[in-house]
Amino acid sequence: MEEDWLPPEDPQTASFCAESREITERLGRALLALEASLQANERFEHADLNEAFRSLHTQKSLAAMLGLQTMASLAHELESRLDKVRLGQAVLDLVLLDQLFDTAEAWTLFLQTPWEKENAARIASQELQQRLLFSLRAVSAQVPPRRAKEGVERTLMLPPESLAVLTEAEEAQIRSAMAQGEELYQLTQNLDLTSIEVTLDALREELRGWGQLITYLPLGEGATPDSLEVAVLVSSRESPESFRGRLPDTWAVLDLLTPVSARSSGSLVGSSDEALADFSVGTDDARAPLARDELEHQARYAVRVDLRKLEPILSSVGELAIVKNGLLALGQRLQRTGDRSSSAMIRELHRAFERELQRLQSGILEVRLVTLAQVFEALSRSVRQAARDANRPVQLIVTGADTEVDKLIVDQIGEPLLHVLRNAIDHGIEEVAERRALGKPDEGTLAINVYQSGGRVMIEMEDDGRGVESEKVRARIVRLGLATASEAEALSERELFVFLFEPGFSTREQASTLSGRGVGLDVVKTRVQRLGGSIEIRSSRNIGTAFTLSLPVTLAVLRVLTIHVSGQIFCVPLAAIDELVIAEDTQLRREAGRMFLQHRSEVLPLLSLPTLFAARLLPRMRRTNKLSLLILRSGATRAAVLVDAFGAQEEVVVKPLGPSLAHSRLFSGAADLGQAQLVLILDVASLLETNQWGAGTFDTDLRKDASMDGPA
Amino acid sequence: MSVDVLAFELFGVLYACDSVNVSEVVRYKSVAVVPDAHPFVLGVTSVRGRIITVFDLASALDVVSPLGSSAAMSAEPMRHLILLRYGSEELGVPISRILGVENAEELELLAGVGPHVRGAYLRFGRTCIVLSPVLLFERIMAQTGTQLTA
């Protein structure tokens with residue numbers, strides 16, 4: 001069989017990838033839900049099984065259309081297996097689920113760069129798919145299909161005309177429910193023809209967790225010409241009394257269809273002791289139906305937008321903002337010349353312009369926002385695999401996965417998050433015996449909590465493992481010559497953990513002695529910072545470790561404060577500014593060659609931007625002995641930054657610096673303020689890093705600035 | 001050998017570059033200085049919303065340039081910005097004066113000046129040096145340690 005590959009120049013390649021990624025994500029979601037049911041020894045939701053079946057079917061068609069033989073064959077084999085499960089002819093067990101999860105993983109790999117024949121991910125995907133195909137075909141050849149046990153008509157009190165329209169899969173679902181000892185109810189309602197599907201979807205969600213909608217059958221014309229009398233078949237483990245109590249009032253229970261003799265305690269659902277990992281994404285039960293509604297809505301009404309198409313629109317918004325400022329300037333000029341009436345009209349126009357422009361900008365930005373759910377679904381699969389590989393039972397609990405963030409962040413944050421989670425599984429969470437000795441539950445917990453705070457999205461990742469051993473970190477700092485023994489001793493725990501993000505701080509040897517923390521964490525930090533974020537770590541011995549990531553909601557628009565430094569305007573993201581301070585020279589202190597600001601009861605390290613920029617921008621003379629200082633924050637680090645003067649607050653459209661300036665560590669982008677004024681945006685996280693542990697830029701003599709004095 | 005070039009003047013010296021590499025010429029505005037950039041980088045400017053990195057051509061050619069120094073105020077004013085295509089990026093080079101697009105015939109090869117100079121031709125009795133923008137920028141990138149995809 002020829003290997004799967006797509007020509008890069010084929011216009012269908014991009015749309016295939018986009019659609020296939022969505023299908024793979026849907027498949028992954030359904031698999032996680034199915035697995036959760038199996039591990040809880042509960043009957044799985046047929047809606048989830050159907051979703052997985054549909055995903056495989058669609059992917060098979062797409063792959064066949066583009067000649068991807070391996071992918072199409074694999075999808076076909078798995079679709080056939082799931083069809084048998086739907087028909088009650090086969091059991092859904094964890095072995096089959098593993099194969100399905102591996103398939104989703106293989107497709108995710110393939111979809112990264114299907115046009116690069118020699119790409120390692122594509123090759124790995126091809127090999128994995130072929131292995132899966134081989135094992136599925138081998139099993140299919142050995143196992144004869146199960147036959148249906150008995151006819152539904154013999155056990156159900158349904159009229160023959162109703163029975164005649166049941167599909168084989170629905171019959172199998174009924175048999176499965178009865179084998180589980182569940183009751184079968186027939187509900188009825190007069191439904192509007194235009195909203196039958198919506199009403200049934202609502203019922204399906206209402207029943208989630210305690211019943212399943214199997215099918216609906218028309219009984220006859222309804223009370224009005226536009227309505228229909230519908231009977232709905234529902235299975236539930238609830239007793240008739242309890243069932244009636246939980247059912248929405250709009251539905252009437254017509255019949256209990258299950259004769260007592262038809263119930264059996266047999267199970268059609270497989271279970272396995274192999275279960276090691278238990279995953280739930282968005283576990284807030286009250287929110288689950290809402291999330292599903294939202295997904296349904298997205299599936300029906302969403303359109304795909306290439307982000308590149310939004311860029312010129314956003315750029316135009318930036319240009320319009322410049323026009324808007326021009327309008328304001330014109331109004332002010334008219335005011336000065338005494339033409340108050342025209343000035344008032346212009347100002348009115350300016351306000352209306354501003355209002356609409358803001359709406360337009362918000363609308364564009366909203367299009368860029370997507371939920372983090374797709375990241376966590378992919379992570380769940382990888383974490384599940386990592387837990388199995390490490391032979392440690394782990395449960396992953398994610399809350400707030402529906403938090404929205406810029407699409408570019410969603411695309412790039414998965415890898416750093418996975419790095420942290422794998423680290424936690426490999427080195428943080430202990431072996432079962434060790435956990436028992438510490439009085440911890442056998443199953444380790446990885447908890448991810450996502451929420452929005454101000455203009456930032458916070459992602460907290462916490463494990464209940466062994467934590468970081470501070471003393472070993474301290475010893476490593478000294479051994480690497482990053483600090484003397486006495487300096488290392490004086491470091492607070494927070495200062496100590498900052499070293500874990502240093503490149504090359506951890507090696508394989510440290511991976512075991514330092515609970516694995518620090519392995520590749522420099523890469524994680526770099527990636528997060530590149531997205532305008534910051535990362536922090538907290539840890540308690542034998543209690544666990546927590547990483548907190550703070551990311552901007554959007555990368556496209558930023559609220560900033562402009563500042564003047566050596567005759568040039570720069571801007572600083574407002575989210576990074578704690579406060580603005582006008583200080584006296586007397587508040588400055590010099591210790592060990594470094595400058596500090598005594599600010600209220602706090603002593604903050606101080607960085608002078610005129611000095612830092614002196615190589616390219618001549619510092620200006622200052623006219624007063626007052627110092628304009630920004631108190632900046634990145635994670636838990638606070639520092640005072642000296643500028644010549646504060647400017648104004650602005651909302652700017654962020655533009656990336658070109659590849660030729662990609663190595664700039666001090667600036668994250670540029671913004672056009674209008675009137676040919678381009679300003680650079682300070683990368684606060686990187687800036688504060690230059691202050692770490694006596695970096696040269698900080699040892700400069702502030703008095704030089706003081707003598708040279710402020711802005712023109 | 002004959003080639004269509006854009007001829008220009010920079011600090012009294014005549015230069016030209018292959019017109020194929022020129023995307024446009026705009027009026028030169030001031031740049032925002034990037035304090036941590038290589039001295040070859042004068043700064044960044046915006047051309048109709050696009051952020052353009054502006055390079056000091058004279059420094060890159062090892063000619064003493066007043067642009068990047070404190071003598072900038074006394075330097076000959078830069079009137080135009082030539083935007084050159086380099087891979088996925090457009091790079092700007094400020095120049096004193098545009099002389100026009102012309103056909104440079106009978107290029108005379110110059111020895112020992114590096115691959116970024118394709119040769120020279122006589123223009124009204126003055127020597128005009130023809131640059132290869134691609135090779136020039138490769139040299140700049142190598143010196144600034146920047147990786148670009150040409």
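**The sheet and the salt bridges**

Guide: In chain A, five strands form an open sheet with mixed pairing, in the order 21-13-14-23-22; strands here are DSSP runs (E, at least two residues; helices are H or I, at least four), numbered from the N terminus, and two strands pair if DSSP finds at least two bridges between them. Strand 21 (645–653) and strand 22 (667–672) of chain A stand at the edges with a single partner strand each, so one side of each has no neighbour in the sheet. On average, and with direction ignored, neighbouring strands of this sheet are turned by 35° against each other, where axes are lines fitted to C-alpha atoms and angles between N-to-C directions run from 0 to 180 degrees. Within the sheet, strand 13 (residues 557–565) and strand 14 (residues 568–573) of chain A run antiparallel and are joined by six bridges, and A:Thr562 has A:Cys571 in strand 14 as its bridge partner.

This is a predicted model, in which local features need pLDDT of at least 70 and side-chain atom pairs count only at pLDDT 80 or more, while totals for chains, interfaces and linings use all residues. Residues are numbered from 1 along each chain as its sequence is written, chains are lettered from A and ligands numbered from 1 in the order in which they are written, and side-chain values use heavy atoms, with hydrogens and water left out.

Turning to the salt bridges (a side-chain nitrogen of Lys or Arg within 4 Å of a carboxyl oxygen of Asp or Glu), the count over all chains comes to 39. One of them joins the side chains of A:Glu431 and A:Arg392 at 3.3 Å, N to O; because A:Glu431 lies in the loop between helix 14 (407–428) and helix 15 (432–437) and A:Arg392 in the loop between helix 13 (373–389) and strand 7 (394–399) of chain A, the pair ties together parts that are 39 residues apart in sequence. A:Arg392 is buried, at 9% relative accessible area, whereas A:Glu431 is partly exposed at 41% (buried means under 20%, exposed over 50%, partly exposed in between, with a 1.4 Å probe and protein chains only).

In chain B, B:Arg118 forms a salt bridge with B:Asp18, their closest N and O atoms being 3.2 Å apart. B:Arg118 lies in strand 9 (residues 117–123) and B:Asp18 in strand 2 (residues 13–18) of chain B, so this pair links parts 100 residues apart in sequence.
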